[in-house]
Amino acid sequence: MLPRLTIGFIVLSAAMAIAACSSYGAGSAVNVGPSFPAMTLYATNSNKNAISIYSKGQKSGTGPAFQIGGSSTTLNGPQYLAFDSSQNLWATNYNPSTNGALLVEIAALATGNVIPLQSSALAGHLRGIAISAKSAGTTQLMVVSDVIPTQKYPSQILLFVEGSTIPYQSIAGPKPSLNVPGGVALDANNKIYVTNVQGASVQQFVLPTPSPTPSGSPTPTPSPSPTPSGSPSPTPTPSPTPTPINIYPRVTISGPNTGVVTPTSVTVDSNGYVYISDEGKPGVNGSAAILVFPPQKHKGHVTTPPLRRISGKLTMLTTPTDIKVDTKSSLIYVADSAAILVFALTAKGNVAPVAMYTSPGAVTGLGLVP
């Protein structure tokens, strides 16, 4: 089960765009942190309304070195994380007690009780988020997995132009066969990978050629002001989602041989290898696993075993919810309960993690500074 939150919910206007500010006084805990190096680790604390930051290479067994949290952040059940081309941090949020969902953008290097750049209400239950890598002359794509109970096909993948909080398109319908989509990822060619938490499958989608073009130019974000003037206006109704693209997946990984049972998240490394976090069979100890598959160069149904499987008592895996890979440092990071487990990139079988970081709250999603 993915961690849930049951406390109050704050909704801000979709048009709100106010700056992270460091001039609130010495005791305010609102500040801009150090220049975090590439591959600095971030983790959501879903039941603490916060995001933890772990310094690169810090000692195993320690907790976060910095934190983003407080009422000003509007974080409310943060789920998954992604960084955009400016290294701003994006977080999906969902509060089941109010069925409220937020997409929050926080300025790069911000720490403490910081005011977000954007905090916008969306329909449904937001989960995974991924943003394409920066590429000269191209518009970056952001994808978010969502379950919108009021829609005919509730399970959807929302498509955004990077920087926008209003989706220009979505993937949904009978052909995608999405079933409670969880973590999402984008590879170097913007192929979309998504886990189906209740569908026992991981899918890859390719947007139609040419890719859908957003209607009109995205609304520019107003220039940030040092402090907000007045209280933000509440958004009475979340932005509607557009008519979905009804397409078949290019690749589906499923079947008993694959080990895919309850996949929660997915990531793709720079060489195209696919890493899946899987909670396994409910109530079966030791069935949680990390599954590694080769690059998916051909379309079709993958039913073969993974190249590598990390599972067993020594791994400490119980309910993994997210996975990220740092190929430069040859490490795999896994969010699991109230900890982050770190494995060698080549880990296989029933092996102990090379490091473990503690968390003050239930960890759901991870992010690595590009």
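Predicted model: local features only at pLDDT ≥ 70, side-chain atom pairs only at ≥ 80, totals over all residues.
**Notebook: strands, rings and turns**

I began with the hairpin of β15 and β16, which has 4 residues between its strands, and I noted that A200 in the turn has a positive phi of about 50°.

Residues are numbered from 1 along each chain as its sequence is written, and side-chain values use heavy atoms, with hydrogens and water left out.

**Entry 1: confidence**

I looked up pLDDT, the predictor's confidence in each residue on a scale from 0 to 100, and found a chain mean of 85, with 82% of the residues reaching 70 or more.

**Entry 2: β16 and its partners**

Which strands are joined to β16 by bridges? I found that β15 (residues 192-196) is joined to β16 by 5 bridges and runs antiparallel to it, and that β17 (residues 251-254) is joined to β16 by 4 bridges, again antiparallel. Two strands pair here if DSSP finds at least two bridges between them.

I then asked how many residues of β16 (residues 201-205) are buried, and the count is 5 of its 5; buried means under 20% relative accessible area, exposed means over 50%, and partly exposed lies in between, with a 1.4 Å probe and protein chains only. S201, Q203 and F205 point one way from the strand, V202 and Q204 point the other way, and all are buried.

**Entry 3: β10 and β11**

Strand β10 (residues 125-131) is likewise mostly covered, with 7 of its 7 residues buried. I traced its antiparallel pairing with β11 (residues 141-147), which extends over 5 bridges, and within that pairing H125 has V147 of β11 as its bridge partner.

**Entry 4: aromatic rings**

I counted 4 aromatic pairs in the structure, where rings of Phe, Tyr and Trp (its six-membered ring) pair if their centres lie within 6.5 Å, and planes under 30 degrees apart count as stacked, over 60 as edge-to-face and the rest as tilted. Why is the pair of F36 and Y42 edge-to-face? The ring centres are 6.2 Å apart and the planes stand at 85°, so the pair of F36 and Y42 counts as edge-to-face. Both F36 and Y42 are buried.

Y42 also pairs with F83, edge-to-face as well, at 5.0 Å centre to centre and with 80° between the planes. Because Y42 lies in β2 (residues 41-45) and F83 in β5 (residues 78-83), this pair ties together parts that are 41 residues apart in sequence. Y42 counts as buried because its relative accessibility is 3%, and F83 counts as buried because its value is 10%. I finished by noting that F36, Y42, F66 and F83 form one aromatic cluster.

**Entry 5: an open sheet**

I followed 4 strands that form an open sheet in the order β23-β24-β25-β26, with antiparallel pairing. Its edge strands are β23 (320-326) and β26 (355-358), each of which pairs on one side only. Neighbouring strands of this sheet are turned by 20° against each other on average, direction ignored; the axes are lines fitted to C-alpha atoms, for helices over the stretch in contact, and angles run from 0 to 180 degrees between N-to-C directions. Between β23 and β24 (residues 331-336) I found 6 bridges in the antiparallel sense, and D322 stands opposite A335 in β24.

**Entry 6: positive phi in loops**

N49 is not a glycine, yet it has a positive phi of about 55°; I placed N49 in the loop between β2 and β3 (50-54), where it is buried at 15% relative accessible area. V180, also not a glycine, has a positive phi of about 55°, sits in the loop between β13 (169-171) and β14 (181-186), and is buried at 13%.

Methods:
Helix = DSSP H or I, 4+ residues; strand = E, 2+ residues; numbered from the N terminus.
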